[in-house]
Amino acid sequence: MGNTIRALVAFIPADRCQNYMVRDLREMPLDKMVDLSGNQLRRVPVHVCSFQQLAKLYLSDNHLNSLPPELGQLQNLQILALDFNNFKALPQVVCTLKQLCILYLGNNKLCDLPGELSLLQNLQTLWVEANYLTQLPDVVCELSLLKTLHAGSNALRLLPGRLRRLQELRTIWLSGNLLTDFPPVLLHMTSLEVIDVAWNSIRYFPSLAHLSSLKLVIYDHNPCRNAPKVAKGVRRVGRWAEETPEPDPRKARCYALARQESQEAQVPALPPPLPPTNS
């Protein structure tokens with residue numbers, strides 16, 4: 001019954017009804033965190049924006065498609081979670097929160113990001129997975145302190161060369177896109193520690209052995225003809241990951257044939273046909 005009431009209230013725009021959802025939030029929380037996730041909100045209660053010392057605001061899993069301009073009062077905000085909502089465009093007010101370090105935008109309907117996002121020069125983690133991105137927005141390349149970029153489950157076919165400007169980037173997640181080639185720009189980003197390109201359409205992997213900081217590469221569920229060559233101690237997740245040394249395309253084909261023959265050899269032979277009987 002309680003959930004039904006909350007669902008009905010979420011559709012009513014009156015402040016009194018929306019405040020029912022956050023009736024306990026009358027004072028600034030001691031931990032400087034407000035979590036309104038999963039409340040079926042259609043707008044953010046404005047009085048939350050009066051907590052000017054707020055450091056973390058979680059608005060995940062609601063029905064939001066806009067934010068109040070009063071959100072700009074939260075100039076101490078470091079973490080903002082807007083994932084699993086209905087945003088078709090990122091509200092400009094988010095770009096005014098210059099202390100943001102972590103921004104969650106996944107599972108929305110974003111086709112692009114505004115150029116003003118470059119104002120967030122303290123941003124270290126950006127999640128834009130499961131949106132409608134057909135290309136990585138250029139503004140991402142201007143976030144100089146970015147360490148983690150999650151852009152999986154979009155429709156990316158390539159990455160911009162300017163991405164190499166992100167010298168602090170350590171982790172990039174690109175699974176579930178439309179990549180047909182391993183992004184060349186990643187070959188120049190020697191600070192990368194984790195590369196995930198699983199569930200794409202990559203047929204050939206260049207050597208990654210020169211990426212001295214690399215610790216993990218995930219490339220499973222690609223129609224690849226070879227495994228990426230990596231330095232000693234780097235973990236690989238994908239086809240031929242346990243093979244050492246890494247097979248080149250010809251060796252990969254021989255490996256596949258040998259495996260097929262081995263499987264066929266394990267199938268018990270059928271008994272010879274019985275001789276015909278004279279009736």
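User: OK. Where is aspartate 83?
Analyst: Aspartate 83 is in a loop. That loop runs between strand 3 (79–81) and strand 4 (102–104).

User: And what does aspartate 83 touch?
Analyst: Leaving out residues up to four places away in sequence, aspartate 83 touches Leu59, Ser60, Asp61, Tyr104, Leu105, Gly106 and Asn108.

User: Which side chain of opposite charge is nearest to aspartate 83?
Analyst: Lysine 56, and it is 15 Å away. Aspartate 83 is buried and has no salt bridge.

User: Switching to proline 160. Buried or exposed?
Analyst: Buried. The relative accessible area of proline 160 is 15%, and buried means under 20%.

User: Where is proline 160 in the fold?
Analyst: In the loop between strand 6 (148–150) and strand 7 (171–173).

User: Which residues does proline 160 contact?
Analyst: Leu136, Asp138, Cys141 and Val185, with neighbours within four places in sequence set aside. Take aspartate 138: its C-alpha is 7.4 Å from that of proline 160, and the two are 22 residues apart in sequence.

User: Now confidence. What is the mean pLDDT of the chain?
Analyst: The mean is 86, and 78% of the residues reach 70 or more. Over residues 1–17 the pLDDT is below 50. That stretch still has 22 contacts in the model beyond near neighbours in sequence. Residues 245–249 are also below 50, with 12 such contacts.

User: What should I do with the low parts?
Analyst: Where pLDDT is low, the predicted coordinates should not be read in detail.

Terms used: Residues are numbered from 1 along each chain as its sequence is written. This is a predicted model: local features need pLDDT of at least 70, side-chain atom pairs count only at pLDDT 80 or more; totals for chains, interfaces and linings use all residues. Side-chain values use heavy atoms; hydrogens and water are left out. Helices (H or I, at least four residues) and strands (E, at least two) are DSSP runs, numbered from the N terminus. Buried means under 20% relative accessible area, exposed over 50%, partly exposed in between (1.4 Å probe, protein chains only). Lys and Arg count as positive and Asp and Glu as negative; His and the chain ends are not counted. A salt bridge is a side-chain nitrogen of Lys or Arg within 4 Å of a carboxyl oxygen of Asp or Glu. Contact means heavy atoms within 4.5 Å. pLDDT is the predictor's confidence in each residue, from 0 to 100.
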